[in-house]
Every structure is written in structure tokens, then in C-alpha cells.
Amino acid sequence: MPAIDYQTAFQLAPVGLVLSRERVIEDCNEEVCRIFGTTREALLGQSFQVLYPTPDEFERTGARIVPIMNKHGMYSDERIMKRAGGELFRCHVTGRALDRSQPLGAGIWTFED
């Protein structure tokens, strides 16, 4: 039986996946690119802010995430996000920090539209 190729599994997952650090996209899969109508290259190194309708909404969401992740270790909500072309859409987002003591440090996030 061949070994599982985790990179391929990550890229082909049926939900959008993002690996982040301090709210900056370090890696993402094909489904995130489809959902947001952009390319992996355009997202890598970008702040999550590019996926929000406004900078204020990005800041408000970040402030909401920290106490919930501190308490539960995970965060989940449904929110309005923005595709690369400017279209707004409802998106279910779930995330967790890799180190629970740093809620906005390294983390993994799922996106479903």
C-alpha cells in the first residue's frame, strides 16, 4: 500500500484550506483559490484582509477570534467575505491555532461557500 501524500491531500481537499501565521496566508489549496476566484500565487504572503469586504471587518473579526480561541481552542462562524473580483458572499469559516497559547499565531483554517 503506497504512503499517503499529505501535500496532495491538502491541495485536493474538498474544502478550502489555509495555513496561516499572524493572519498571513502561508499556504492554501485549490479549493480556496476556486472559492475566492484567484490563484495560489496571488494569495501567498497576503494578509487575510484581502478576503474581507473592508479593513474594519477584518479588524472586528480578529478581535472576536482571540477570546473564543483562548477559551475553546477553535473558532467558527459564518461571515461575509470578498472574492478577488469584488463579489461579496456568505462563507463558513473554521480555524484552530497550532499552539493554543497563540490564537493568531500559526493556524489552519477551512472555508466553505
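How many bridges join E3 to E4, and how do the two strands run? Nine bridges join E3 to E4, and the two run antiparallel.

## Basis of the model

This is a predicted model: local features need pLDDT of at least 70, side-chain atom pairs count only at pLDDT 80 or more, and totals for chains, interfaces and linings use all residues. Residues are numbered from 1 along each chain as its sequence is written, and side-chain values use heavy atoms, with hydrogens and water left out.

## The sheet

The sheet is open and has five strands, in the order E2-E1-E5-E4-E3. Its pairing is antiparallel. Strands (E, at least two residues) and helices (H or I, at least four) are DSSP runs, numbered from the N terminus. Two strands pair if DSSP finds at least two bridges between them. Strands of a sheet pair through backbone hydrogen bonds, either parallel or antiparallel.

Which strands stand at the edges? They are E2 (24-28) and E3 (74-82). Each has a single partner strand, so one side of each is left without a neighbour in the sheet. On average, neighbouring strands are turned by 30° against each other, direction ignored.

## Strand pairs

E3 and E4 form a hairpin with five residues between them. Gly86 sits in the turn and has a positive phi of about 100°. Arg79 stands opposite Cys91 in E4.

E4 (residues 88-97) also pairs with E5 (residues 107-112). Six bridges join these antiparallel strands. Val93 has Phe111 of E5 as its bridge partner. Ala97 is partnered with Gly107, again in E5.

## Helix H4 across the sheet

Helix H4 spans residues 55-72. It lies across E3, E4 and E5. Contact here means heavy atoms within 4.5 Å. H4 runs at about 160° to E3. Axes are lines fitted to C-alpha atoms, for helices over the stretch in contact, and angles run from 0 to 180 degrees between N-to-C directions.

## Cysteines

The structure holds zero disulfides. A disulfide is a pair of cysteine sulfur atoms within 2.5 Å.

Cys28 is buried (under 20% relative accessible area; exposed is over 50%, partly exposed in between; 1.4 Å probe, protein chains only), with a relative accessible area of 0%. Cys33 is buried too, at 11%.
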